[in-house]
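Please keep the sequence and the structure in view while reading.

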Amino acid sequence: MLDSLRIDAVWKSLSTGLLDTSIKQKLVRKWALEKGDELLYQRYVVDNPDNRPRRVEELRVQVLSNLFHTVDRALGDGRISPQVRRALIRNFVGHVIIGENDRQAPFVERNGFSPPSFVTISPTKRCNLHCTGCYASSTAANTEKLDYDVFRWILEEKRRDWGSFFTVISGGEPFMYRTDDGHDIFDIFQEFNDNYFMVYTNGTLITPEVARRLAWLGNVTPAISVEGFEEQTDERRGKGVHEKILQAFANLREAGVPFGISATATRLNVDILTSDEFVDYYFNEQGAVYGWMFQYMPIGRSFTLDLVVTPDQRLKMYEREEHIIFDKKIFLVDFWNGGPISNGCISAGRPGGYFYIDWNGHVSPCVFFPYQTADINDIYRQGGHLSDVLMHPLFQRIRNWQDAYGYKRESTEVQNLIVPCPIRDHYAFAYNAIRKTGATPMDEPAAAALDDEAYREGLVDYGHKVAELTKPVWDQEFIEPERTEHSGEHAAPTEMAKGA
């Protein structure tokens, strides 16, 4: 990614210690941020080597800039400990952001395409909460867990074969992961101390001791789930949960561990989650560095279309998220409406993307695409490798669809990336792909959904309505300026271009 900015040589000539000393200086950070913003804009918006729509690149630049500036404020406020600061420099910048193309080159040479950038792993189904509509159907009674040796071999293979040093951990509740021989999630963090981990967690188990352990490790950032304010969070997650989350925030701030939030938008809370009050509370008052927005997916326990944000709400949500990104300068990314930022769907092992492995070793294209293509335990028992799953017909079909939909189209022909999701926005495609490739449901709710005609018709209709509502926005803001520019006419500069 930033290796494209030709800073690899400079990076390699500097030691972590020298960079750590420099980054502590406010004036140095200010200069670096200003220069970084200039380089990002020049690289992605002006040079645009991937020939993406200009507005797509502007979104990407603004989101990255927001993250860097928020981290800068956290450094200035003392919310990032020295150990964490050094791990951010060494692991996140040095091993994740910089040099990915070089690390992936051997894989590309062998296979003719780029590997994914990361994997999301849910090592345990067990959870201490019982949230309404949980996509994983997790409870405290669940005992399913990933074998520790399989867990570590997944991380070893992706590091060795893909040059991937970033891993997302989900659940269940990751901090409840414990194997029969006593291994826990901290053993993974410590053994792979050159990696950087983001952990989706309900936050209730982040005690002062846990926060201090995370600070000592330095290579982990928790993304803590909220549903809005106290009323909304406790309604879905249980009475008193929000209070425990606030205590987790305090513990992490005290220990110097940067954290983010993740929020699930439903038709009941979407206005709250996209309000200025919500953003100001969690990012300015509580100190979250980043945020992820997950629109409710009708999968898992008690799945229902009745909680999905309506098409009208989704359009309003998109407009509010643009405001949060460009006006509030906050890193808050919606995995559906934010499709332009990632050039569309990133599932099924797409270059720059990921795939998902659950507590049973079942492999699927995405956390929210609960149809398995393989069992990593069986693959390893048969002498196979992690990369073998990329060859499954479902993965290949989805990647071909991604390419044809937008990822490999000319900038003037990219289709609507505000509706990027095959399983939610283009369910007819997903349904046919599942049926034709032999992918199997990962749990009973997934099987029930696949056989439910009303569910299928409802999701297909939903996708059509959202596409119809958002198409004018996509055409006017993203595609028409491209066609104007390519026709030789002078396109009016966007707001970001005016201020650059």
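I357 stands opposite V363 in β9, and 2 bridges join strand β8 (residues 356-357) to strand β9 (residues 362-364), the two running antiparallel. Helix α7 (residues 148-162) packs on the sheet, where it touches β1 (118-121), β2 (166-169), β3 (196-201) and β8, and its direction makes about 170° with that of β1. Contact here means heavy atoms within 4.5 Å, while axes are lines fitted to C-alpha atoms, for helices over the stretch in contact, with angles running from 0 to 180 degrees between N-to-C directions. Helices (H or I, at least four residues) and strands (E, at least two) are DSSP runs numbered from the N terminus, and two strands pair if DSSP finds at least two bridges between them.

The model is predicted, so local features need pLDDT of at least 70 and side-chain atom pairs count only at pLDDT 80 or more, whereas totals for chains, interfaces and linings use all residues. Residues are numbered from 1 along each chain as its sequence is written, and side-chain values use heavy atoms, with hydrogens and water left out.

## The sheet

The strands belong to an open sheet of 10 strands with mixed pairing, in the order β7-β6-β5-β4-β3-β2-β1-β8-β9-β11. Its edge strands are β7 and β11 (374-375), each of which pairs on one side only.

| Strand pair | Bridges | Direction |
|---|---|---|
| β3 and β4 | 5 bridges | parallel |
| β4 and β5 | 4 bridges | parallel |
| β5 and β6 | 6 bridges | parallel |
| β6 and β7 | 3 bridges | parallel |

Strand β4 (residues 220-226) is mostly covered, since 7 of its 7 residues are buried, where buried means under 20% relative accessible area, exposed over 50% and partly exposed in between, with a 1.4 Å probe and protein chains only. Both of its faces are covered, with V220, P222, I224 and V226 on one side and T221, A223 and S225 on the other. In β4, P222 is the bridge partner of V199. The chain passes from β3 to β4 through helix α9 (residues 208-217) in a right-handed β-α-β crossover, a crossover being right-handed if, with the strands pointing away from the viewer, the path from the first strand over the helix to the second runs clockwise. On the β5 side, A223 has G260 as its bridge partner.

Why is strand β6 (residues 290-295) described as largely enclosed by the rest of the structure? The description holds because 6 of the 6 residues of β6 are buried. Y290, W292 and F294 point one way from the strand, and G291, M293 and Q295 point the other way. S262 stands opposite W292 in β6, while G291 stands opposite L332 in β7. From β6 the chain crosses to β7 through helix α14 (residues 311-326), and this β-α-β crossover is right-handed.

## Helix packing and cores

Two packed helices are described by the angle between their axes and the distance between the axes. The axes of helix α4 (residues 54-76) and helix α19 (residues 453-486) come within 7 Å and cross at roughly 115°. R54, R55, V56 and L59 of α4 make this contact with W474, E477, F478 and E482 of α19.

The largest nonpolar core has 141 residues, and those with the most contacts inside it are F189 and F355; such a core is a set of buried Ala, Val, Leu, Ile, Met, Phe, Trp, Tyr and Cys residues joined through side-chain atoms within 4.5 Å. Helix α19 gives the most to this core, with 8 residues.

G172 is found in the loop between β2 and α8 (185-191) and counts as buried, at 18% relative accessibility. Its C-alpha atom and that of R126 are separated by 5.0 Å, although the two residues are 46 apart along the chain.

Q104 has its place in helix α6 (residues 100-111) and is buried, with a relative accessible area of 6%. Leaving aside neighbours within four places in sequence, Q104 is in contact with S114, P115, P116, S117 and W162.

R267 lies in the loop between β5 and α12 (270-273) and counts as partly exposed, at 32% relative accessibility. R267 and V308 are 41 residues apart in sequence and 5.8 Å apart in space, C-alpha to C-alpha.
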